[in-house]
Amino acid sequence: MKSHKRRMAIATVLGAAALVGGLGLTISSAWLITMAAQHPPILVLSVSIVMVRFFGISRSGARYAERIVSHESVFRSLTAIRVQLFERLADRTSLIVRDLNSGNYVKAIVDDVERAQEYQLRVTLPRYAAIISLTFGLLLAFWIYPDLLVILLPVTLALLLAIPSIVNKKCSSQSSIIEEIENRYAREISDANYGITEAQIYGYKDRLLNKIHGIEREIASAEKALLGTIRALQLLTLLLIGVSIVGTSLLMYNARIDTDLPAVKISMAIFLPLVAFEGITNWYPNLFISGKL
């Protein structure tokens, strides 16, 4: 367990490094493009050229290493949990196993165990990587132009705290309802497999199938309700990111007029919100369905 946590911590750092690499690549590219337009000596551009190459290579390398470390750790933990689960089941007497519903066993072994591990891989790891990368982005914004924090800090807090809190209250409860219906669906399918021959012989097969189809319609209805919530939250997320981009552009426009800010700082500041929230876009799609995980 300790080795699993250690490997996941390393994977989190590597994931954050990949996001920071993307941030550095974009910002250094903005500096390079803007400065090159002024036709300076080549030595002035040499540092930024090296930085662009460094961040481009380090981003890909860190992402590749993060995938290897995280997936290996999760698969090892998944195997260990399933072995323990089978050992627990093997210790039970046939009477206990017969009394408990076999549909629950099948779903636990095949579905629930995998979901429990995917939560670490798809939700926990991207969350901490996003926190680290966004913190680095705020520090970079303060270094470029401190007034940028007036726009970026509230948006960052909303994306890291407010929206996940809404997801935890609304999406998680809706996902729990779907999970309960799916559990009931698994039990009905398991029971129908044992009794379908008798149902066909004695003429109540249609009634049995209608009951199963009714549960399928319940799942579809609950999934549509969850999808509606997800769409609303995605729209809110896009609006917040859009506000940060437009607000940054207006702020830098006014700063250029009032303080004659260098063009390189303006381009770096405008490019910053375009890439700073990459960690959010990696984390949110799985966060919305994390109630099931």
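Helices here are DSSP runs of H or I with at least four residues, numbered from the N terminus. The model is predicted. Its largest nonpolar core holds 45 residues, and a second, separate core holds 6. The count of cavities of 30 Å³ or more comes to 2.

**Largest cavity**
- The largest share of this cavity's lining, 3 residues, comes from helix 4.
- Helix 4 and helix 5 are the elements that give two or more residues to the lining.
- The space inside is about 40 Å³.
- Leu134, Gly137, Leu138, Leu152, Thr156, Ala276 and Phe277 line the largest cavity.
- By type, the lining has 5 nonpolar residues, 2 polar and no charged.

**Second largest cavity**
- The volume of the second largest cavity is about 30 Å³.
- Its lining is made up of Leu19, Leu23, Ser133, Val275, Ala276, Glu278 and Gly279.
- At least two lining residues come from each of helix 1, helix 7 and helix 8.
- The lining splits into 4 nonpolar, 2 polar and 1 charged.
- Ala276 lines the second largest cavity and also the largest cavity.

**Largest nonpolar core**
- Leu148, Leu159, Leu272, Phe277, Ile280, Trp283 and Tyr284 touch the most other members of this core.
- Two or more core residues come from each of helix 1 (2-36), helix 4 (102-144), helix 5 (149-202), helix 6 (205-259), helix 7 (263-276) and helix 8 (278-287).
- In soluble globular proteins, nonpolar side chains tend to be buried together.

**Phe277**
- Phe277 is among the core residues that touch the most other members.
- Phe277 also lines the largest cavity.
- With neighbours within four places in sequence left aside, Phe277 contacts Leu134, Leu152, Val155, Thr156, Leu159, Ile241 and Ser244.
- Among these contacts, Leu134, Leu152 and Thr156 are also lining residues of the largest cavity.
- Another contact, Leu159, is itself among the core residues with the most touching members.

**Second core**
- The separate core of 6 residues includes Met8, Ala11, Val69 and Leu125.
- Val69 is also one of the buried residues of helix 2.

**Helix 2**
- Helix 2 covers residues 42-91, which is 50 residues.
- From first C-alpha to last, helix 2 reaches 73 Å, close to the 74 Å expected at 1.5 Å a residue.
- Its buried residues are Leu45, Ser48, Phe55, Ala62, Glu66, Val69, Ser70, Ser73, Val74, Ser77, Leu78 and Leu89.

Conventions: Residues numbered from 1 in each chain as written. Predicted model: local features only at pLDDT ≥ 70, side-chain atom pairs only at ≥ 80, totals over all residues. Heavy atoms only, no water. Core = buried A, V, L, I, M, F, W, Y, C linked by side-chain atoms within 4.5 Å. Buried < 20%, exposed > 50% of the residue type's maximum accessible area, 1.4 Å probe, protein only. Contact = heavy atoms within 4.5 Å. 1 Å grid on protein atoms, 1.4 Å probe; cavity = no way out; pocket = protein on both sides within 12 Å on 5 of 7 lines; lining within 4 Å. Points joined across faces, edges and corners; volume = space filled by probe spheres on them. Nonpolar A, V, L, I, M, F, W, Y, C, P; charged D, E, K, R; others polar. Expected span 1.5 Å × (residues − 1).
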